[in-house]
Amino acid sequence: HTQPAAMPTKKVSYGSLSTEGQALVTAAGQALQRTSYTFAATGKRGHAAITAALEQSVMQKCAPQRSIASVFAASLGGSRASNNDAVSSVGQLWRDGWRIENDANAHCIKFRREAQDSGPSGEIEGLRSWADFAHVLQQWHAMQQAPCVVVTVNQISHESGEVSVECTTVSGKSLLPGLRMAQDYAVQDLRLKLAGDLGVQDFQVKLVLPDGSLLEDHRNVPRKRKRRLGQAPEVPEPRSEQAHESMVAEVAQVAAPAPQGPKRSRFFASGPPKTTV
């Protein structure tokens, strides 16, 4: 059992996730919206509370249960208001196909979803803790109520190793004129610059290329992993029959014991026995 982190990892945001990751967060958010789960939180205590509630939403519970407010209202004989009838979020994501994996080697938690009926399946790449998951869910929920700003990004490479980035809004307004970034810049860094210039949250900024496709961060592309210690080595190519026979003959020759003379007594270990004439 992993204790939830109090605050999310730096630079983790809904906007920095891939398209597949954002779709998975949307599926989780829509499932939690049907429960008493609270997305809004302020301060460390607030983040810790929603993080703990999110962790309980992946607990194995086959049947949904009523929220505490609903049970309390029924015990007082009050009216059955719609807010009091909200289903508890405990076990909601587990019933929706979400599973977690504690990766001890990478010191992180992996969040995966296996779609039951419909919706996306897979792992949310880039998250490391429950706090990260709660943070991107909170931003997703806020984005549903906040307008999205679409910015077209045109990139021009230079021999100096920098990239000229021309950013334009839908209305044709130029943003951050003369902006230059490093050749391997992170898209999230550009999104943060634009959000500060526009006076909005970074997750509200949607970056697209001139052809209309989303601007993805090349750093999120999975790389070929190197073989670690303890991992099985690559299987060598099969040898020909002639080479195999030659190798067996060499091994047999090396392994054959060398001929030895008659055993000597330990009393003559210092040298050969002397003979008398």
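Predicted model: local features only at pLDDT ≥ 70, side-chain atom pairs only at ≥ 80, totals over all residues.
Reading burial, cores, a sheet and a cavity

Modeller: Alanine 146 is partly exposed, at a relative accessible area of 22%.

Colleague: Where is alanine 146 found in the chain?

Modeller: Alanine 146 sits in the loop that runs between α5 and β4 (149-157). Alanine 146 and glutamine 204 are 58 residues apart in sequence, yet their C-alpha atoms are 7.3 Å apart in space.

Colleague: How should I read a relative accessible area: is glutamine 139 buried or exposed?

Modeller: Buried means under 20% relative accessible area. Glutamine 139 has 9%, so it counts as buried. This residue lies in helix α5. Leaving aside residues up to four places away in sequence, glutamine 139 touches Ser13, Tyr14, Asp202 and Phe203.

Colleague: What share of the chain is buried?

Modeller: Of the 277 residues in the chain, 33% are buried. The secondary structure consists of seven helices and eight strands. For contacts between residues at least 6 apart in sequence, 56% join residues at least 24 apart.

Colleague: Next, the nonpolar cores. Which residues of the largest one touch the most other members?

Modeller: A nonpolar core joins buried residues through side-chain atoms within 4.5 Å. The largest here has 28 residues, and Leu54, Leu93 and Phe133 touch the most other members. Two or more residues of this core come from each of α1, α2 (43-56), β2 (108-113) and α5 (130-145). The largest share, seven residues, is given by α5.

Colleague: What does leucine 54 touch?

Modeller: Not counting residues up to four places away in sequence, leucine 54 touches Leu32, Tyr37, Leu93, Trp130, Phe133, Ala134 and Leu137. Another core, of 16 residues, lies apart from the largest one, and includes Val163, Val165, Leu175 and Leu190.

Colleague: Now the sheet. What is the order of the strands in the open sheet of three strands?

Modeller: The order is β1-β2-β3, with antiparallel pairing. β1 (98-103) and β3 (122-123) are at the edges with a single partner strand each, so one side of each has no neighbour in the sheet.

Colleague: Why is β2 described as largely enclosed?

Modeller: Five of the six residues of β2 are buried, so the rest of the structure largely encloses this strand.

Colleague: How many bridges join β1 and β2?

Modeller: Two strands count as paired when there are at least two bridges between them. β1 and β2 pair over six bridges, in the antiparallel sense. Within β2, phenylalanine 111 stands opposite isoleucine 100. The hairpin of β1 and β2 has four residues between the strands, and histidine 107 there takes a positive phi near 55°.

Colleague: And how many bridges join β2 and β3?

Modeller: β2 and β3 pair over two bridges, again in the antiparallel sense. Arginine 113 has glycine 122 of β3 as its bridge partner, while arginine 112 has glutamate 123 of β3.

Colleague: Last, the cavity. What is the volume of the largest cavity?

Modeller: The structure holds one cavity of 30 Å³ or more. The volume of the largest is about 180 Å³.

Colleague: Which residues of the lining lie nearest its centre?

Modeller: The lining has 20 residues, and Gly15, Leu17, Gln22, Arg191 and Leu215 lie nearest the centre of the cavity. Elements giving two or more residues to this lining are α1 (19-33), α6 (187-198) and β8 (205-208). By residue class, the lining of the largest cavity divides into nine nonpolar, seven polar and four charged.

Notes: Residues numbered from 1 in each chain as written. Heavy atoms only, no water. 1 Å grid on protein atoms, 1.4 Å probe; cavity = no way out; pocket = protein on both sides within 12 Å on 5 of 7 lines; lining within 4 Å. Points joined across faces, edges and corners; volume = space filled by probe spheres on them. Nonpolar A, V, L, I, M, F, W, Y, C, P; charged D, E, K, R; others polar. Buried < 20%, exposed > 50% of the residue type's maximum accessible area, 1.4 Å probe, protein only. Contact = heavy atoms within 4.5 Å.
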